[in-house]
Structures are given as structure tokens and as C-alpha cells.
Amino acid sequence: MIPTIPVNEPLLGEREVEYVMECFRTGWISSAGRFIDEFESRWAEYCGMRYGIAVSNGTAALEVAIKCLDLQSGDEGIIPAFTIISCAQAVIYSGGVPVLVDSDPRIWTMDVNQIEAKITSRTRAIMPVHIYGHPVDMDPVRTIAKKYDLRIVEDAAEAHGAEYRGQKCGGLGDISCFSFYANKIITTGEGGMLLTNSAQYAEKARSLRNLCFRPERRFYHTELGHNYRLTNLQAAVGLAQLERIDELIARKRRRAAAYNEGLRGVPGITLPVEEPWASNVYWMYGIVLDEALGYDAVEFAQRLKKRGVDTRPFFLPMHQQPVFHAMGFFQQGESYPVAERLGKYGLYLPSGLALTDSQSDCVCDAVRSELTG
Ligand SMILES: Cc1ncc(COP(=O)(O)O)c(C=O)c1O
């Protein structure tokens, strides 16, 4: 059997081990300790935001972020159709209604030209999601948000260190959300964080992640919250990872450059791009098959698997999710053709930080051979 080149592997080093061992030695293994505080403040500083609130994963970060906005039942949040379910469910769990926009065909993030047409008297928020490491075109989003007095909740889970016109993703909205799952550029195993410049949102997020204990009297509650706390052990890993983020991003960009070179001119696929106003961190190196090939990404993934290359399909758009149809969302024959095409024909190649040059050469050979016969 051919050994498979994995789609992702984290890169963990001695510093991570050292910091985790410090937690064990000192006994700070739960959700208080120096690593939590340092990870929160250093990540906020890195992204150019004032407050960091660490949580147990990126899905929790989105849920807490939307809860900070105090939506009324039926208030609307505009999200991309092409994203992970965490975005839509964060709006729904707050009593809101997710409203979708299609994707930009070049960079696969939300098509910012479609946002304004979706605004109603119930719209409260826009959630730009930086997809696979490429930033959303944020200036138009910010202009619309200002015009209609909407909050921006930025989902930067896939875009650690990516830049929009020289500013870090995650520093561009009212609240930003991150995931530190094992496949993210910096990881804590499982983990997430919210960032904000608002003292009020920060206080509310801290309360929501910790069961809404009231400061004046423990075990006294005026609101329901969650236990979404991150542990000091996880933050220890995160801090060590953050100390080497420049190296990790450089690896991602080098790998993308190698793929761009190795796949240049291969017929039947579109490669990822980087707009002149963006610094793409290529969290995952995605490709989209031409429809004319006559097969979809599932079939192509099976073919690559036989050649020893592991891949992952792109997101399946939100309006194609049975769970939402059953709940009465997106039933009106809504169509988002770009998101649908990405969902059907898109997949990402092995993009892990531990991927070697010879492995990425093998991936390019496999893709080229498959498509050129
Ligand atoms: C864009 C985006 N948002 C949110 C999440 C959710 O993060 P988590 O898996 O940590 O809950 C992910 C996960 O990969 C993601 O890709």
C-alpha cells in the first residue's frame, strides 16, 4: 500500500513541551494561570486589538461573540453561504436569522458587493469569514456597517496573521473570533479566542464563557452562560506556538509558492490567488476543478487517494444543509451559484506545517498525472 501524504499535521516543538511541563509542575492545569493571561494579551496585541478572551474552541468564540450583541428574536446576521456551520449556528443560537450572500469567485470569501441588497430593518451584524487564509475585502464591509449601524463579527479562524491592507485579520471588526484547532496555523489542540477593543463586549464575553458568575456573589446568576473555558495547559501550547508564528506563516507561504510553481499550467484546475491588497497565509491550499472535467471533487479526491495523497473537500454551503431546511431556514429555493460550485468542485491539498518538499512534489506529480493522463 502507498503511504498517504496527510492533509495536515501540526508542528509542535520543545518550547510547547517546556511550557506544558511548567503547568504540571506548578499545578496550574485548569482555566487560571499565567499562560491564559499571556496568551490572551499577546494574541490581542499581535492582532492589534485591546482585549483577548480565550475560549474552548472557535465555534464557542462565534457563539459568544454573537451573544454579546444581544440580538432580539428574528434579528438578522449576514454571513457567507460558503463557510462552516459554526457561523450560521452562532446566529441561530442567539435567536437570530442567518442571511446568506454568495462567494467571490476569485478569493472564495463573501462577495462584498452582495451585502447591501441583503440588509433589512432587522439586520444587526455582518460576519466576514476569511476563507482558507485569504482576507475578505473589508473596506466595503466597514463602509456598509457604518452606513447601517451594524456590528462586524470577523471570523478569522483560518487566517492567523493574514493581512488586509497591512492590518492583521482579526483586528478589523467589532469582535473577532479565532479557532486554535490542531489544523490551524497556531494551535492549542482545541481552543479559540475572541478579540475586541470594547471593554463592554470583553466583560460580557468573559462572563458568558464562565457560566455568568456575578462578581459580587459567586454562585449567583442573572443570566445563563456556558462553560467555554480554555485550560492553562492549552494556553501554554498556544503561547509557545505564538512565539514562532512568523516561521509558521513563512512555511505556509513557501508551501503555497511551491504548489503554485508545481501546478502551473496543469489543465482543469484553478489555483488560489492573492489580491494586491492582501497577504494570504494559505492556511489550506485549495484548488477548484473545472466543471468540464466531468467529475466532482469527491471523485477527484478518491483518485488522488489511490495515488497516496489525502485531501479534504471544501465546505458544503449553508443553504444546502438539511438541518437548516428542517428548521425552516433557506427554504425558498435560494441559490448561491459560486458557493455551490466551490462546494462541489473544490478541495484542498496536503497543507500541513510538517509537509516536506518531497511530499509536496509528490502531490504536484499526482495532480498533474491525474489531469494530464
Ligand atoms: C472559518 C471557521 N470558523 C470557525 C471554525 C470553528 O472552529 P472550531 O473547530 O475550533 O470550533 C472553523 C473550524 O475550522 C472555521 O474554519
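Which helix does Gly-238 lie in? Select residues 232–243 in this predicted model: they form helix 7, and Gly-238 lies in that helix.

Stay on Gly-238 and check its accessibility. Gly-238 has 0% relative accessibility and therefore counts as buried, the cut-off being under 20%. Gly-238 and Tyr-19 are 219 residues apart in sequence, and the distance in space between their C-alpha atoms is 9.6 Å.

Now move to the ligand. The space it takes is the second largest pocket. Select the shell around the ligand, which holds 13 residues. By class, the shell consists of 4 nonpolar, 6 polar and 3 charged residues. To see where the largest share comes from, colour helix 3, residues 58–68: this helix supplies 3 residues of the shell.

- Asp-155: an N or O atom in its side chain is 2.6 Å from a nitrogen atom of the ligand.
- Ser-179: a polar atom of its side chain lies 2.7 Å from an oxygen atom of the ligand.
- Lys-184: a polar atom of its side chain lies 2.6 Å from an oxygen atom of the ligand.

The ligand taken alone exposes 390 Å², of which the protein buries 89%.

How values were computed
Residues numbered from 1 in each chain as written. Predicted model: local features only at pLDDT ≥ 70, side-chain atom pairs only at ≥ 80, totals over all residues. Heavy atoms only, no water. Near = heavy atom within 4 Å. Polar contact = N/O pair within 3.5 Å; in protein donor to acceptor, adjacent residues only side chain to side chain. Areas by Shrake-Rupley, 256 points an atom, 1.4 Å probe, with all protein chains shown as cover. 1 Å grid on protein atoms, 1.4 Å probe; cavity = no way out; pocket = protein on both sides within 12 Å on 5 of 7 lines; lining within 4 Å. Sits in = over half its atoms within 2 Å of the grid points. Helix = DSSP H or I, 4+ residues; strand = E, 2+ residues; numbered from the N terminus. Nonpolar A, V, L, I, M, F, W, Y, C, P; charged D, E, K, R; others polar. Buried < 20%, exposed > 50% of the residue type's maximum accessible area, 1.4 Å probe, protein only.
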